[in-house]
Amino acid sequence: MTRLLIVEDNRDLQSMLQNRLAAAGFTVDLVGTMADADAVLAQNCYDIVVLDLGLPDGNALALLRSLRARNNPTPVLVLTARGSVNDRVEGLTSGADDYLVKPFAFEELHARLLALLRRPGTFVGRSLKFGNVAIDSAVKQVFIDNTPQVLPAREIATLEVLMRRCGCVVPKEVVEGHLYGLSDEVRSNAVEASIYRLRKLLSDLGASINIHTIRGVGYMLHEVPR
């Protein structure tokens with residue numbers, strides 16, 4: 001699942017965005033201040049951030065500049081009532097990837113988020129392939145030997161996290177962070193259970209890849225001799 005952070009202090013707008021983006025397939029976390037946003041961004045990996053500028057503890061452009069100064073490449077869409085040309089230019093030159101002025105249509109916001117996620121060089125791409133397994137991340141469809149397969153949503157999300165980091169060990173905390181939001185109650189063995197189910201599904205479906213567990217560290221995809 002694509003994990004998104006909304007930094008917005010308006011409770012009604014928070015609720016609307018969370019409900020509609022969750023229905024569109026995003027895992028959504030909410031914070032209402034720059035301090036809280038800075039804290040969760042330091043501890044969690046997000047695929048994209050929706051950032052309001054007028055927050056209770058200051059102008060969030062300072063947060064944006066701080067992210068870029070730390071070489072954090074997470075795409076950021078600024079969502080604000082400040083709509084002048086100078087405001088838009090300042091937001092983009094401060095490190096924003098896109099800028100949308102309130103009031104807005106949700107359909108436009110959704111389309112802009114998907115466009116950001118499709119950009120070359122961003123962490124989230126649409127098509128992923130390793131061995132004979134492929135994922136179309138936009139529609140959450142898994143293919144093995146070019147044949148579409150039916151997998152549960154949680155296992156698709158787990159596979160997507162691992163495939164985005166082929167060749168790297170993926171810490172358990174990173175997998176957990178992409179599967180669950182901050183407000184979700186997560187069982188201590190939830191990630192292990194999802195990995196177990198996914199490993200069995202891959203084997204049963206004839207995948208040429210499998211999941212190697214590195215105890216105490218995380219998980220890594222590898223190709224299986226056929």
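This is a predicted model: local features need pLDDT of at least 70, side-chain atom pairs count only at pLDDT 80 or more; totals for chains, interfaces and linings use all residues.
Trainee: What feature does UniProt place at Asp52?
Mentor: The feature comes from an unreviewed UniProt entry. At Asp52 that entry gives "modified residue: 4-aspartylphosphate".

Trainee: Is Asp52 buried or exposed?
Mentor: Buried means under 20% relative accessible area. Asp52 has 5% relative accessibility, so Asp52 counts as buried.

Trainee: Which residues is Asp52 in contact with, leaving aside its neighbours within four places in sequence?
Mentor: Contact means heavy atoms within 4.5 Å. With the sequence neighbours within four places left aside, the contacts of Asp52 are Val7, Glu8, Asp9, Ala60, Leu79, Thr80 and Lys102.

Trainee: Where is the place of Pro56, and is Pro56 buried or exposed?
Mentor: Pro56 sits in the loop between E4 and strand E5 (58–59). The cut-off for exposed is over 50%. At 58% relative accessibility, Pro56 therefore counts as exposed.

Trainee: Which residues is Pro56 in contact with, leaving aside neighbours within four places in sequence?
Mentor: Asp9 is in contact with Asp52, and Asp9 is also in contact with Pro56. Neighbours within four places being left aside, the list for Pro56 is Asp9, Gly32 and Thr33.

Trainee: How many bridges pair strand E1 with E2?
Mentor: E1 covers residues 2–7 and pairs with E2 in the parallel sense. Leu5 stands opposite Asp29 in E2. The number of bridges between E1 and E2 is six.

Trainee: Which strands stand at the edges of the four-strand open sheet?
Mentor: The order in this antiparallel sheet is E8-E9-E10-E11. An edge strand here has a single partner strand, so one side is left without a neighbour in the sheet. Neighbouring strands of the sheet are turned by 25° against each other on average, direction ignored. The edges are strand E8 (127–130) and strand E11 (147–149).

Trainee: Which residue in E10 does Ala134 stand opposite?
Mentor: Strand E9 (residues 133–136) and strand E10 (residues 141–144) run antiparallel and are joined by four bridges. The residue opposite Ala134 is Phe143.

Trainee: Which strands of this sheet does H6 touch?
Mentor: H6 packs on the sheet, and its direction makes about 105° with that of E9. The strands touched by H6 are E8, E9 and E10.

Trainee: How do H6 and H8 lie to each other?
Mentor: Helix H6 (residues 153–163) and helix H8 (residues 190–204) pack with their axes 9 Å apart, at an angle of about 85°. Angles of 65 to 115 degrees count as roughly perpendicular. H6 and H8 are therefore roughly perpendicular.

Trainee: Which residues in H8 meet H6?
Mentor: The H6 side of the contact is made by Arg154, Glu155, Thr158, Leu159 and Leu162. By class, the contact has five nonpolar, two polar and three charged residues. The H8 residues are Ser194, Ile195, Arg197, Leu198 and Leu201.

Trainee: What is the relative accessible area of Ser194?
Mentor: Ser194 lies in helix H8. Not counting residues up to four places away in sequence, Ser194 touches Arg154, Glu155, Thr158 and Leu179. Ser194 is buried, at a relative accessible area of 1%.

Trainee: How far apart in space are Leu201 and Leu151, C-alpha to C-alpha?
Mentor: Leu201 is in helix H8 and, at 24% relative accessibility, counts as partly exposed. Leu201 touches Leu151, Pro152 and Glu155, residues up to four places away in sequence not being counted. Leu201 and Leu151 are 50 residues apart in sequence, and their C-alpha to C-alpha distance is 8.0 Å.

Trainee: Which residues in helix H7 are buried?
Mentor: H7 covers residues 172–179. The cover over its buried residues includes H6, H8 and strand E14 (218–223). The buried residues are Val175, Gly177, His178 and Leu179.

Conventions:
Residues are numbered from 1 along each chain as its sequence is written. Side-chain values use heavy atoms; hydrogens and water are left out. UniProt positions are given in the numbering used here, feature names are shortened, and annotations may be inferred rather than shown by experiment. Buried means under 20% relative accessible area, exposed over 50%, partly exposed in between (1.4 Å probe, protein chains only). Axes are lines fitted to C-alpha atoms, for helices over the stretch in contact, and angles run from 0 to 180 degrees between N-to-C directions. Helices (H or I, at least four residues) and strands (E, at least two) are DSSP runs, numbered from the N terminus. Angles under 35 degrees count as roughly parallel, over 145 as roughly antiparallel, 65 to 115 as roughly perpendicular and the rest as oblique. Ala, Val, Leu, Ile, Met, Phe, Trp, Tyr, Cys and Pro count as nonpolar, Asp, Glu, Lys and Arg as charged, and the others, Gly among them, as polar. Two strands pair if DSSP finds at least two bridges between them.
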